[in-house]
Amino acid sequence: LKRWHKASSEPARPAEAIAPRTVVAMALRIALCVLIGLLVNAAASVGDAIMSNDTIFLWSHTNYSIDVDEGVARARWQLRGVWQGLRLLKASGSGRISYGDLVRIEGHTGTCLHVQKGGEAVGAWPGECPAWQILAADARLGFVRSGDAIYLRLPELNRYVDIQGEDDGLVRARWNLTGEYQTLTIEREDPDAIQGGDHVQLVAHTGNLVDANDGAVRARWKSAGAWRALVLEGDENVGPWMQSFAIWGGDGRAIYSGQNVTLWTSSGTLVEVQTQVAQARFDKAGLWQSFTVSKPGGGVIRRGDSVHFTAHTGKYLEVHGDVLEATGAVPGTDGAFAILLSAPSSQTAYKQVAVLAILAFAVVSIIAYEISQPAAPAAKGGAPRLEALDAPRWIASAQIVMCHFYGYTWGAAWTQFFFVLSGFVLAYVEMAKPAGTGSQVSQLRYVTHRLVTLYPTYILTMVLGAIQWNHSALDWLTLPLHLLFMQAWFPITYKKRGYDTWQWSGVQWAQVSWFVSVLVIYWFMLRPITRRVRRLSLRVCCAALLCLWAVSLLWWFLGDVLLREHFGCRFVTQRCFVFFDDYFIYHGWLGMLHVFVSGIVMARIFVLTSMKDAEADGPVTADTRRLALDPSRAPWVFRLGSSLGYLSFGLLAFLVGRKGYHKYVTFFHNGGILPAMLLVLVGGALGYDPLARYLFQNRVFQVLGRISYAQYLIQCNVWGIVIHIFPLSDGEAVVPPKVVFPIALFVLAFVMERLVTRVGVAWLKGSGDKKRIGTVSRIVTCLESRCAGRRRASDPKALEDANPAAPAELRDVEAPACPDAVPAAVTLSAAAPEAPPKGLTLLESRSVEVEFVDTKAKGDAVFSAPEGGPAGGRGTLAAQLRLHLAPAEAFETLSQDAALSSRPSS
């Protein structure tokens with residue numbers, strides 16, 4: 001809107017040619033918008049929510065289900081059959097049904113449920129179809145789900161449906177009251193039920209599938225793939241379609257035991273029994289083509305059920321050899337058929353094909369868009385950026401996804417890579433700064449600056465999880481901890497209603513986000529630990545790294561030997577396992593602390609062995625002010641670190657295998673493979689390794705590296721959406737869900753990174769030109785100011801030294817332009833307390849980091865604090881500073897770095 005308003009107020013300009021890059025970007029945005037719509041629609045329909053046009057059952061407080069027989073509604077039997085199935089339709093619209101919605105209810109005869117005129121009895125008669133209102137029996141809001149307790153109210157009469165339990169369970173609507181008699185439990189029809197029109201396969205007792213070809217119905221083969229056509233003299237009419245039948249019955253709804261059905265072959269004929277032998281000759285349904293399907297115990301026919309078919313002759317279909325005949329007098333083994341889905345319904349197939357088309361279009365658009373983008377400019381100043389570390393982060397994320405959904409056991413061990421990578425990169429940034437000039441921002445501001453880049457994607461993941469899965473009251477009580485990234489700080493364990501397993505609160509909302517909560521604790525520790533580690537020598541660092549790796553053996557002894565073997569805590573049904581192993585060791589901050597510190601120590605080793613003093617072109621010393629990469633000084637193990645690291649991990653996984661990993665799971669998961677991961681880190685950071693040079697730094701892996709966090713965080717949500725659209729059961733998906741999943745995960749992760757992470761971070765951080773201060777920066781500044789105010793109020797000396805408010809003429813002074821400004825590090829120290837500078841409060845001598853200095857105006861200086869201020873680190877200055885320094889004698893020193901001193905024009 002801002003761009004449109006600005007363009008509309010400017011004078012018209014000559015028309016310009018539209019660049020191909022713009023067209024590609026527009027096409028990508030359209031594709032992403034459509035994809036987001038499908039995502040929201042799919043996520044909204046996941047779970048046990050009741051949808052319009054669903055078949056439901058209503059259970060009374062007497063534990064009987066309502067049935068409709070001869071127009072009268074009663075609650076008499078504990079059955080889910082044809083008479084008990086009621087179709088629920090929204091009075092207007094479609095989709096999920098919410099509490100308060102008006103719905104129409106149809107019986108199995110197709111007539112609507114309503115109250116008899118002039119009476120109280122509820123039944124299903126032809127005529128006007130009234131709208132019932134669904135209300136919650138426990139003051140609940142939101143969507144109606146299977147298993148909820150509800151009230152049914154007829155607004156026309158202002159009465160509620162009630163079942164007293166007497167008078168043969170008659171259903172009536174007598175009073176405007178709610179209570180036990182009016183409470184009904186709504187239950188959705190089994191989603192695994194075979195529906196009329198489904199394509200099914202019939203497996204005989206011999207294990208062969210029933211097939212129909214040239215009018216004959218037989219059971220000859222386990223399957224009829226393309227190879228079968230070659231065996232049968234290249235007959236093009238032979239194939240898997242021969243074993244697929246369209247089953248019809250129940251008016252297109254779920255099919256129940258005892259119903260009459262017809263079986264259509266792929267050639268358009270119906271299976272029939274004229275006298276005894278089953279054939280498929282005609283395309284019209286009649287007496288010969290009608291079969292009664294039944295199963296032991298009755299009820300709905302589900303995929304995988306063992307069923308029997310009775311012909312019009314009263315005989316059961318049986319398989320003798322490979323011939324299908326109606327000869328059975330009683331249901332027996334020879335006449336038992338397993339009924340399986342061979343293909344999704346047409347509506348489901350259309351939906352799946354549409355989703356595949358959208359995903360394919362999105363992938364092509366993303367590739368075209370990324371190729372059309374110019375290369376990002378190299379960063380100026382500061383420590384060299386380690387470009388090749390983004391790709392290993394995505395590889396680690398991909399291996400964890402493979403562990404969760406593809407059975408790749410060793411992938412779980414790469415969770416620790418995120419901790420060692422975070423410690424390495426953040427410590428490297430701190431160590432690259434000159435000694436004594438480290439960041440002076442508060443710990444709160446430092447950690448929130450890290451979290452801002454994660455929060456938008458994290459919140460959207462939690463919203464999707466709230467839509468997709470049910471959460472208990474205890475889950476809702478722990479929600480504030482998740483919102484503050486504190487879910488992994490406390491060992492809160494409990495059992496949910498209906499579950500036999502113990503649950504840990506840290507994985508209830510965003511299942512894989514526990515590692516971010518652990519990282520928050522580590523980030524508070526990072527700078528104090530880094531200040532001490534950067535003083536260590538190379539020999540001490542190597543010894544410390546070896547000791548940290550040995551801690552993994554300690555956790556293995558505590559977790560695998562003592563806890564599992566000695567005390568027998570090895571199952572999630574035991575609270576001791578979830579409390580100690582799952583929290584303190586496997587997912588806790590204690591179990592991964594040595595891994596994080598290993599990354600910090602490795603950063604020190606990397607600086608000492610693989611970098612040089614950029615100004616002196618020599619080894620790194622305590623006086624080094626600027627670093628540069630120096631692969632020639634690095635050991636050959638570091639220069640080939642990435643290749644050696646992945647190679648050693650692959651050999652370990654091959655030799656130890658899956659059983660070996662499970663035997664020493666705590667050791668491998670909690671730092672056992674640190675040597676391989678550290679090699680991958682230093683090899684990628686140095687950029688000399690062939691993998692780092694030619695693979696990790698190309699455009700594809702740069703894109704994958706950007707989406708690695710989103711990919712890791714939304715993996716469970718995307719899997720839930722994919723298996724909802726492409727079910728796991730055989731014959732229900734055009735393409736197996738495990739094939740669709742990685743494509744959908746890539747596309748949706750890219751969408752979240754572009755439209756959620758970037759937009760959210762820009763809003764939270766503020767504009768890059770400092771014209772708008774971010775929301776988080778405002779909040780943190782307010783908190784720091786309040787804390788500083790309390791310190792001044794409790795410290796009498798601070799009150800004496802406090803500076804009064806700046807003069808009114810200086811409060812809104814705009815900073816003058818400074819085109820020749822250069823980055824500078826300026827040290828300000830307070831003068832005598834009796835002569836403080838105007839407009840600036842300094843509680844004590846400290847360093848103030850600034851970005852630009854303009855000394856053209858005599859006696860004045862303009863400072864802009866770095867992003868993440870305030871400059872003093874005490875919360876006394878705003879994040880964007882305009883300081884008027886007068887008089888100049890108020891400062892004892894004003895020291896500038898060499899870069900500024902060499903630029904007299906600045």
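## Two asparagines with positive phi

N158 lies in the loop between β9 (149–154) and β10 (159–163). Helices (H or I, at least four residues) and strands (E, at least two) are DSSP runs, numbered from the N terminus. N158 is not a glycine, yet its phi is positive, at about 55°. Its relative accessibility is 32%, so N158 counts as partly exposed. The cut-offs are under 20% relative accessible area for buried, over 50% for exposed, and partly exposed in between (1.4 Å probe, protein chains only).

N63 also has a positive phi, about 70°, and is not a glycine. This residue sits in the loop between β1 (54–59) and β2 (65–69). At 44% relative accessibility, N63 is partly exposed. Most residues other than glycine have a negative phi.

## Model and conventions

This is a predicted model: local features need pLDDT of at least 70, side-chain atom pairs count only at pLDDT 80 or more, and totals for chains, interfaces and linings use all residues. Residues are numbered from 1 along each chain as its sequence is written, and side-chain values use heavy atoms, with hydrogens and water left out.

## The chain overall

The protein chain has 27 helices and 33 strands. Of its 906 residues, 47% are buried. Contact means heavy atoms within 4.5 Å. Among contacts between residues at least 6 apart in sequence, 67% join residues at least 24 apart.

## Disulfides

A disulfide is a covalent bond between the sulfur atoms of two cysteines. The rule applied here is a pair of cysteine sulfur atoms within 2.5 Å. By this rule there are 2 disulfides. Their pattern is 1-2, 3-4, with bonded cysteines counted along the chain.

C112 and C129 form a disulfide, with sulfur atoms 1.9 Å apart. The torsion about their S-S bond is about -90°, so this disulfide is left-handed. C112 lies in strand β6 (residues 112–115), and C129 in the loop between β7 (122–125) and β8 (132–136), so the pair ties together parts that are 17 residues apart in sequence. C112 is buried at 10% relative accessibility. C129 is partly exposed at 21%.

## The second bridge and other cysteines

C569 and C576 form a disulfide, with sulfur atoms 2.0 Å apart. The link is left-handed, with -110° about the S-S bond. C569 is buried, with a relative accessible area of 6%. C576 is partly exposed, at 25% relative accessibility.

C542 is in no disulfide. The nearest cysteine sulfur, that of C541, is 6.9 Å away. C542 counts as partly exposed, with 41% relative accessibility. C403 counts as buried, at 19%.

Axes are lines fitted to C-alpha atoms, for helices over the stretch in contact, and angles run from 0 to 180 degrees between N-to-C directions. Angles under 35 degrees count as roughly parallel, over 145 as roughly antiparallel, 65 to 115 as roughly perpendicular and the rest as oblique.

How do the axes of α8 and α23 cross, and at what angle? The axes of helix α8 (residues 455–468) and helix α23 (residues 737–765) come within 7 Å and cross at roughly 120°. The two are therefore oblique to each other. On α8, the contact is made by P456, T457, L460 and T461. On α23, it is made by M752, V756, T757, G760, V761 and L764. By class, this contact of α8 with α23 has 6 nonpolar, 4 polar and no charged residues. Here Ala, Val, Leu, Ile, Met, Phe, Trp, Tyr, Cys and Pro count as nonpolar, Asp, Glu, Lys and Arg as charged, and the others, Gly among them, as polar.

## Helix packing: α13 with α14

Helix α13 (residues 575–586) and helix α14 (residues 589–610) have axes that come within 5 Å and cross at roughly 25°. They are therefore roughly parallel to each other. Y583, F584, I585 and Y586 of α13 meet W589, L590, G591 and M592 of α14. The residues of the contact of α13 with α14 divide into 7 nonpolar, 1 polar and no charged.

## K295 in its loop

K295 is placed in the loop between β20 (291–294) and β21 (306–310). Is K295 buried or exposed? K295 is buried, with a relative accessible area of 13%.

The side chains of K295 and D305 are joined by a polar contact of 2.9 Å. A polar contact is a pair of N or O atoms within 3.5 Å; within protein, one must be able to donate a hydrogen and the other to accept it, and residues adjacent in sequence count only if both atoms are side-chain atoms. Leaving aside neighbours within four places in sequence, K295 is in contact with S257, V300, I301, R302, D305, S306 and V307.
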